[in-house]
Amino acid sequence: MIVVDLLRRRAPSGDAPGSPVLDVMRYDRGLVPWLGLAIAIVAGTFLRLWQIGSLGLNSDETVYAGQAASIAGNPAYTEYFPIFRAHPLLFQSLLSVYYQWSDSDMAGRVLSAAFGVATIFVTYKVGAALYDRRVGAIAALVLAVMPYHVVVTRQTLLDGAMVFFATTALYFLARYCGEQRDRYALACAAAMGLAFLTKETAVVLWGGVYLFFMLSRALYIRLPTVFGMAVVFSSLALAFWMALRLSGAARTGDNYVVWQLFRRPNHTLAFYGQTVPVSIGLVVLVVAAAGFIGRRLAWQEGLLLAWAVVPLAFFELMPVKGFQYLLPVAPVAAVLAGRSVMLLARSQRLASWNTGRARLVASGLLAVMLTAQSVAVWPVVSPAASAAFLAGAGGLPAGREAGTWIGRNLPRDCVLLTLGPSMANVIEFYGHRQAYGLSVSPNPLNRNPAYVPVENVDRELRQGNIQYVVWDSFSAERSPSFSAKLLGYVHKYRGIAIHTESVAVTAEDGSLTHRPAVTIYEVQP
């Protein structure tokens, strides 16, 4: 009853949707916003496609690309990548259309980049709906060159497409709050359903919607509208559940959810604080926060903050943390930064001093913010390899080359042992050879249910069931103990290095040196 009462609150007469204070339909006929949007689209497209194939796919990318190929019925992948593995399949199903007639590993990245560019446009629409088109244009420019959004949407990951649908839902929700028309609420629910079908973690964003309406005193939503939204979202979301049940893969999906919720933490609580703010841009965050100083929050800011706070809290508390998980926050940060710039340009205090100079100061702030973003984003799109690797932050240097070499030079029925499942996925995608990860735990409670452990490595090597061992530096840096164990097996079974892939890395003295990244050993029973 308390929730129902909160949802039925009406806006005060001075702050009703459609009033000059909260009007979200203001229309600026100037060409400047359109020019800003055009620049954002061009720059965003360039940054997401420039040398997009310089590095091969990482582990997560190979899984999604492999699923798409299996959906298309490509026999080279169906043995290694089951269709139902973990997440819903909307993105993979779209990608499978391409795999009907080709198998380029870059197709998924191009599709993800397309969703990323589309999100730039939707972010513009969000800024225009909540404030005006100039705010929308600035938000689009910020998102176009934001390192966080660029690096994720340059990869075959689900998050870029999910954030596109989620940001579309945010746009329709903003339109509903401004006009109180049910069609926008239903469109919001439909977009949220598509976001869920892309990646199930999008359901967390409903918490932000609930939080906004629960705390808002200026806006309300009728119970029939809430019911209609629930029906629309559920109708779409149930498609994945039905597919799992009809395919007989429900147990795999359930096991994956349980494993994600109860697995041991893969990062400390400080992980997001150390990685995401820098990737979004410290200048952007400071500018966005500055817009709240000395100002009363309107419903627009309440909506944006509620949309961001819930996923921030949820993923911080979850034991598993992925670099890309907080991507839905990126469009919010861009819109709030655009709002701050326009508040500065329209500041009454500065305007009383000199209107032209106020605009000049705002333009200078925007130039500084975009310059800082552009400087930070360039290393993201450059092909320089690194000795370190962060899941979700880029491709896997030397992985494609090693996998391709295996596919061309090793027997078709051979079996390989890798340090972990990440390299095993890459080898199976590029080399089409069976590979197992040494670090995969035999305890079902401590492993991804999609991976198969090697119960007795000594026995398999001794009997000749595993003929090759693959060591890679990226997995070794994350798991030194397993690296030592793997090399111990190489020594014990008289392993001979038959191929090595190296990458160029920057040494401590600044010089460029080549470091072995992947080494393939042939072992003897």
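Trainee: Where do I start? How many helices and strands are in the protein chain?

Mentor: The protein chain has 24 helices and five strands. Remember that the model is predicted.

Trainee: What share of the 525 residues is buried?

Mentor: Buried residues make up 52% of them. The chain exposes about 22,900 Å². Carbon and sulfur atoms supply 63% of that area.

Trainee: What share of the contacts with a separation of 6 or more joins residues 24 or more positions apart?

Mentor: That share is 77% in this protein chain.

Trainee: Now the strands. How do I read the two faces of one?

Mentor: In a regular strand the side chains alternate between the two faces of the sheet. Take strand E3, residues 468-472. Tyr468, Val470 and Asp472 lie on one side. Val469 and Trp471 lie on the other. Both faces are covered, and these residues are all buried.

Trainee: Which way do the side chains of E1 point, and are they buried or exposed?

Mentor: Val415 and Leu417 point one way, Leu416 and Thr418 the other. All are buried.

Trainee: Which strands pair with E3, and in what sense?

Mentor: Strand E1 (residues 415-418) pairs with E3 in the parallel sense, over three bridges. Leucine 417 stands opposite valine 469 there. Strand E5 (residues 512-522) pairs with E3 in the antiparallel sense, over five bridges. In that pairing, aspartate 472 stands opposite valine 518.

Trainee: In what sense do E1 and E2 pair?

Mentor: E1 and strand E2 (residues 434-437) pair in the parallel sense, over four bridges. Leucine 416 stands opposite alanine 435 in E2.

Trainee: Next, the core. Which residues of the largest nonpolar core touch the most other members?

Mentor: Tyr148, Trp307 and Leu416 do, in a core of 138 residues. Helix H9 (residues 159-179) gives this core its largest share, 13 residues.

Trainee: What does tyrosine 148 touch?

Mentor: Leaving out residues up to four places away in sequence, tyrosine 148 touches Val276, Ser279, Ile280, Phe323, Gln324, Tyr325, Leu326 and Leu327.

Trainee: And charged side chains? How do I read those?

Mentor: Side chains of opposite charge can pair when their charged atoms come close. A search of the whole structure finds eleven salt bridges. In one of them, glutamate 61 pairs with arginine 109, the closest N and O atoms being 2.8 Å apart. Glutamate 61 is in helix H3 and arginine 109 in helix H6, 48 residues apart. Both residues are buried.

Trainee: Why does the pair of lysine 199 and aspartate 159 tie together parts that are 40 residues apart in sequence?

Mentor: Lysine 199 lies in the loop between helices H10 and H11, while aspartate 159 lies in helix H9, so the pair bridges those parts. The N to O distance is 2.9 Å. Lysine 199 is buried because its relative accessible area, 3%, is under 20%. Aspartate 159 is buried too, at 2%.

Trainee: What separates glutamate 179 and arginine 175 in helix H9?

Mentor: They are four residues apart, so about one helical turn separates them. They form a salt bridge, with the closest N and O atoms 2.8 Å apart.

Trainee: Last, the surface. Which residues form a nonpolar patch there?

Mentor: Phe46, Trp50 and Trp378 do, with about 310 Å² of accessible area together. Tryptophan 378 sits in helix H19 (residues 355-381). Its relative accessible area is 42%, so tryptophan 378 counts as partly exposed.

Conventions:
Residues numbered from 1 in each chain as written. Predicted model: local features only at pLDDT ≥ 70, side-chain atom pairs only at ≥ 80, totals over all residues. Heavy atoms only, no water. Patch = residues over 30% accessible without salt bridge, like charges linked within 9 Å, V, L, I, M, F, W, Y side chains within 5 Å. Areas by Shrake-Rupley, 256 points an atom, 1.4 Å probe, with all protein chains shown as cover. Salt bridge = Lys/Arg side-chain N within 4 Å of Asp/Glu carboxyl O. Helix = DSSP H or I, 4+ residues; strand = E, 2+ residues; numbered from the N terminus. Buried < 20%, exposed > 50% of the residue type's maximum accessible area, 1.4 Å probe, protein only. Pairing = 2+ DSSP bridges. Contact = heavy atoms within 4.5 Å. Core = buried A, V, L, I, M, F, W, Y, C linked by side-chain atoms within 4.5 Å.
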